[in-house]
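This report describes how parts of a protein chain pack together. Please keep the sequence and the structure in view while reading.

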Amino acid sequence: MIVSVASTTNLISKSMKMNSIIYDFETLSQNMITGAAVSLAALSFDTDRFKKNDGYEYEELLGMTKGIKFDVQEQVQKYNRTIQKSTLDWWKKQSEEAQKQLKPSSDDVSISELYSWLTSEFDIPKVKTIWTRGNTFDPIFLKTLLDATGDPDPFTQWWGIRDTRSFIDGMLYGSGIKNTFIPDGLKEKFVGHDPKHDVVMDVMRMQYLARLDFVEEL
């Protein structure tokens, strides 16, 4: 019997205690209410791993991250989602690797599959904290997409909503370091604005800060 690396990683991630989830959209508009979404990546992880032994490796997290790519044409035609010219212009300035996701694919799915994908791929009721980079964008985008298809928001743990940008800024207060810093040794591995890489990098940033010597448990 041959078991793929991806399926093995999936089984391992489901069997381990995962107290957190982080997700990130790539979009064709900055309008969270009506904009079209390109893709979504989400990652379940355990913050208790941050300070145990060597913590998470970048490649390990990348292998654990799951993604879904959406049918943009259907969003525009059926759900009246919109595309913003300024966002298209911004995408033209991004790397070729990041731009690959903009090309329509036979694997693109309807946003009507978003709810079932989230609830089947992740054990959401057991999640304690839900992370995004700025709570005024991705969570709203998620809700309006789900509203458009008549589905509920599966993240009912309103008390567990967290913002990676604020967490990182708080940990870096007074240092002059930006919240987009890249930990040593990861620059060549990172593909900015690929949602899988974006969520992994934010987890690695949080882990890096959690492991610094000046961060001690009280």
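## Basis of the description

A nonpolar core is here a set of buried Ala, Val, Leu, Ile, Met, Phe, Trp, Tyr and Cys residues joined through side-chain atoms within 4.5 Å, where buried means under 20% relative accessible area, exposed over 50%, and partly exposed in between, with a 1.4 Å probe and protein chains only. The model is a predicted one, in which local features need pLDDT of at least 70 and side-chain atom pairs count only at pLDDT 80 or more, while totals for chains, interfaces and linings use all residues. Residues are numbered from 1 along each chain as its sequence is written, and side-chain values use heavy atoms, with hydrogens and water left out.

## The nonpolar cores

The largest nonpolar core has 23 residues, of which Y23, F25, L40, F70, L114, L118 and L142 touch the most other members. Two or more residues each come from strand 1 (20–27), strand 2 (37–45), helix 6 (114–121) and helix 7 (138–149); these elements are DSSP runs numbered from the N terminus, with helices being H or I of at least four residues and strands E of at least two. Helix 7 gives the most to this core, with four residues.

Setting aside residues up to four places away in sequence, L40 touches Y23, D24, F25, K66, G67, I68, F70, L114, W117 and L118, a contact being heavy atoms within 4.5 Å. Another core, of 22 residues, lies apart from the largest one, and its members include L43, I168, L172 and M201.

## Two helix pairs

Two packed helices are described by the angle between their axes and the distance between the axes. The axes are lines fitted to C-alpha atoms, for helices over the stretch in contact, and the angles run from 0 to 180 degrees between N-to-C directions. Helix 6 and helix 7 pack at an angle of about 120°, with their axes 9 Å apart, and they are therefore oblique to each other; angles under 35 degrees count as roughly parallel, over 145 as roughly antiparallel, 65 to 115 as roughly perpendicular and the rest as oblique. In this contact L114, Y115 and L118 of helix 6 meet L142, L145 and L146 of helix 7, and by class the residues are six nonpolar, no polar and no charged. For these classes, Ala, Val, Leu, Ile, Met, Phe, Trp, Tyr, Cys and Pro count as nonpolar, Asp, Glu, Lys and Arg as charged, and the others, Gly among them, as polar.

The axes of helix 8 (residues 164–171) and helix 9 (residues 195–210) come within 10 Å and cross at roughly 30°, so the two helices are roughly parallel to each other. T164, F167, I168 and M171 of helix 8 make the contact with D202, R205, M206, L209 and A210 of helix 9, which divides into six nonpolar, one polar and two charged residues.

## A buried loop residue

Q101 lies in the loop between helix 5 (96–99) and helix 6, and at 12% relative accessibility it counts as buried. Leaving aside neighbours within four places in sequence, Q101 is in contact with E26, V38, S39, K69, W91, H193, D194 and P195. The C-alpha atoms of Q101 and P195 are separated by 9.8 Å, although the two are 94 residues apart along the chain.

## Positive phi in two loops

Most residues other than glycine have a negative phi. N53, in the loop between strand 2 and helix 2 (58–64), has a positive phi near 50° and is exposed, with a relative accessible area of 72%. N80, in the loop between helix 3 (72–79) and helix 4 (85–91), has a positive phi of about 60° and is exposed, with a relative accessible area of 59%.
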